[in-house]
Amino acid sequence: MDLLGNNIKEQINRLTDDLLKYNYHYHSLDESLISDEEYDKLYRQLESLEQAHPTLARTDSPTKRVGFVTSTDLANETHSSPMLSINNIFSDMEDKDKSLQHKELQQYHKRIKDALETDAVEYVATLKYDGIAISLTYENGELKKALTRGDGYTGENVTANIKALARVNKNASIPEYLFIPSNSANAQELLHGTLEVRGEILIFTDNFIKLNASQEQAGLKIFANPRNAAAGTIRQLDSSITASRPLHFFAYSIAINTKPVYSGGPITTFYDELEYLNELGFDIGKKYRSKCPDEDSLIKYYEHTLATRSLLPFGIDGVVYKVNSLDYQNKLGFVSRAPRFAIAHKFAAQLAESQILDIQVQVGRTGAITPVAKINPVLVGGVMVSNASLHNQDEIIRKDIKIGDYVLVRRAGDVIPEIVNVILDKRSTEVKEFHMPRTCPVCGSHLVRPIDETIIRCSAGLYCEAQKKQAITHFASRLALNIDGLGEKNVDLLVDNKLIHNPSDIYLLKLEQLLQLQRFASKKAQNLINAINHSKNTQLNRLIYALGIRHIGEATAKDLAKSFGNLDKLIQASKLELMQVHDIGETVADAILDFFAEKHNIDVINKLIAYGVKYPVIEATNKYNPDITGKTFVLTGTLEKYSREEAKEKIENFGGKVSSSVSKKTDYVVAGAESGSKLDKAREVGVEVIDEEYFNNLLLKA
């Protein structure tokens, strides 16, 4: 692969890793690290690169799946059919040319008409609720199963929580039993067959404010937004907590319906589907939906909803259009991870004016150093905002932001407040420049900025206080040291009680320490101690992955283990040696060097080994030879001792590269018997030609 190919592959890998991280935090930890708009921008970049270079797309790409497999203590279960996401379009309401404001919608509508070969396409427009997707399965009228979306194919089983909610809170709009719709008030016959209903669970704005007030009064976690509160509530291990909170369910589709009974006749449209769900007792947001027979009516629905969204009692981040005819839906089908017959038309963020009082930096759980503007508190989209993300130093320079400036603030994706731009007309002579610190404000370690990245990071991944919870959780995860029972909640508990500060402290935990904690009964505490002891016998690739080095996933950890054979050789490896490993370029090599250059990280590794963590040493395949490593060879003619493939393997084992053509960048041409045009080309461009004996001597130098 040429340099351009390597660069594209690194871009794809970086975008994939970043989007997977954002997905994990959003779907598993109920945290929004970036705005919806920024996520969609990165997603479209990745999608475009993958379409142009399909062979470089990874199998775990977020373009091939929805959401993320969660990591809670709840059991996971496969969906009856995938819970797919839908693609997004946006409008530019700032465009002075009104005909161009809804360009993406117009393009989508044209694609639908072209695919169906008709101009007569009716849609149903509904609100895009800002909650958490869930499926409810009823058997013969009784609620039997409830699953979160998860990664779209597998979700968390939250049946106990949802059934408790249905029994206790009738305002949740989740019937515990479904009865056959009938005009007779006395008819109470349970619905026959299987019905799977899908929809969104959320918390109304007023209820969210009350919930946070009660959380604060009780000294408990304050939720960042209603969506996070809803997601955390339905994942509770204690069903009584779920049942006590003001959740509400909006139904928006049917996945399975074996015996439909609908008073209006056969269900042939999406509108019929919603009517049927309404008859069964579900809230379908009836007064907010609308039939839209053409493009103009879709635009009117969007603009009306945008203008009145602040009056809604719950949060939305756009509207959804679905082709009404179920027959047309079947004809349109699906593409990748989304249906063709539906699209989400998302809103731009809401704006407000404020002044920057100061700029400070925060250290994220992954070590990212993020500048944050402290602003005069201002109401943005119904939420009082006093902090706004500045993302990175490049963003501050690009937007020319200074301390004391008046700025426009928006809640990106209605979640994370950020600075849109400076109001230069209001700039005074007293504004001050901001400069990023040179060391981590939390632990004092070196800050690094990887090549081609905008984010500056703390290099002390295993030591820094700001990163330790994530570092420990990752270390104990299934693909790393696989310490069963040491998930995020228990890590939080142990860190908050100052029992562990970095991964090596795990191996100093005592049974009596755990028994003093509220979450640990005798059996659970002993099981964790047993799991910790069992994890001491591991594999090198698992240990490398567990260290949490940036860009090092499961596959790269295996390549590093195979290439170096033991941890000491990896720690001592040069940049050139690292870059000989399969799929490791300059960015990843620098991340490895930065990690091992930090003394705190080496101290933690040494303690892990001292406390009994061990692995079988394997024979290294990545051997260093100054005459071969990093050099390019061309093989021509027939060799006596090696076949062409054997010679190629020998060169690659020493970190060399074999090319099929001779150029000025070629270091050696190995000429065997009956060498052809490649030998002539080598002499023409002045490349060194060696025979098999000389080549063999090079191999024996290592």
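These exercises work through strands, aromatic pairs and charges over rings in a predicted model.

**Exercise 1. Strand β7**

Task: Is strand β7, residues 194-203, largely enclosed or largely open, and which strands pair with β7?

Solution:
- Step 1. Check burial. The cut-off for buried is under 20% relative accessible area.
- Step 2. Count. Ten of the ten residues of β7 are buried, so the strand is largely enclosed by the rest of the structure.
- Step 3. Find one partner. Strand β4 (residues 132-139) pairs with β7 over eight bridges, in the antiparallel sense. Within this pairing, I134 stands opposite G199 of β7.
- Step 4. Find another partner. Strand β8 (residues 247-257) runs antiparallel to β7, and nine bridges join them. Here V197 stands opposite I254 in β8.

**Exercise 2. The pair Y129 and F314**

Task: What kind of aromatic pair do Y129 and F314 form, and which parts of the chain are tied together?

Solution:
- Step 1. Start with the total. The structure holds 15 aromatic pairs.
- Step 2. Classify this one. The rings of Y129 and F314 lie 5.7 Å apart, centre to centre, with 55° between the planes. Planes under 30 degrees apart count as stacked and over 60 as edge-to-face, so the rest are tilted. The Y129 and F314 pair is tilted.
- Step 3. Place the residues. Y129 belongs to strand β3 (residues 123-129), and F314 to the loop between α10 (295-308) and β10 (316-323). The pair therefore ties together parts 185 residues apart in sequence.
- Step 4. Check burial. Y129 is buried at 8% relative accessibility. F314 is buried too, at 3%.
- Step 5. Look at the surroundings. Y129 and F314 belong to one aromatic cluster, together with F204, F250 and Y288.

**Exercise 3. The pair Y302 and F347**

Task: How are the rings of Y302 and F347 arranged, and where in the chain does each residue lie?

Solution:
- Step 1. Take the geometry. The ring centres of Y302 and F347 are 5.3 Å apart and the planes meet at 55°, so this pair is tilted.
- Step 2. Place the residues. Y302 is in helix α10, while F347 is in the loop between β13 (342-346) and β14 (351-363). The pair links distant parts of the chain, 45 residues apart.
- Step 3. Check burial. Y302 counts as buried at 1% relative accessibility. F347 counts as buried at 7%.

**Exercise 4. Charges over rings**

Task: Over which rings do the charged ends of R289 and K426 sit?

Solution:
- Step 1. Take R289. Its charged end sits over the ring of Y271, 4.1 Å from the ring centre.
- Step 2. Take K426. Its charged end sits over the ring of Y406, 5.3 Å from the ring centre.

Note on methods. Residues numbered from 1 in each chain as written. Predicted model: local features only at pLDDT ≥ 70, side-chain atom pairs only at ≥ 80, totals over all residues. Heavy atoms only, no water. Buried < 20%, exposed > 50% of the residue type's maximum accessible area, 1.4 Å probe, protein only. Helix = DSSP H or I, 4+ residues; strand = E, 2+ residues; numbered from the N terminus. Pairing = 2+ DSSP bridges. Phe/Tyr/Trp six-rings, centres within 6.5 Å; stacked < 30°, edge-to-face > 60°. Lys NZ or Arg CZ within 6 Å of the ring centre and 35° of its normal.
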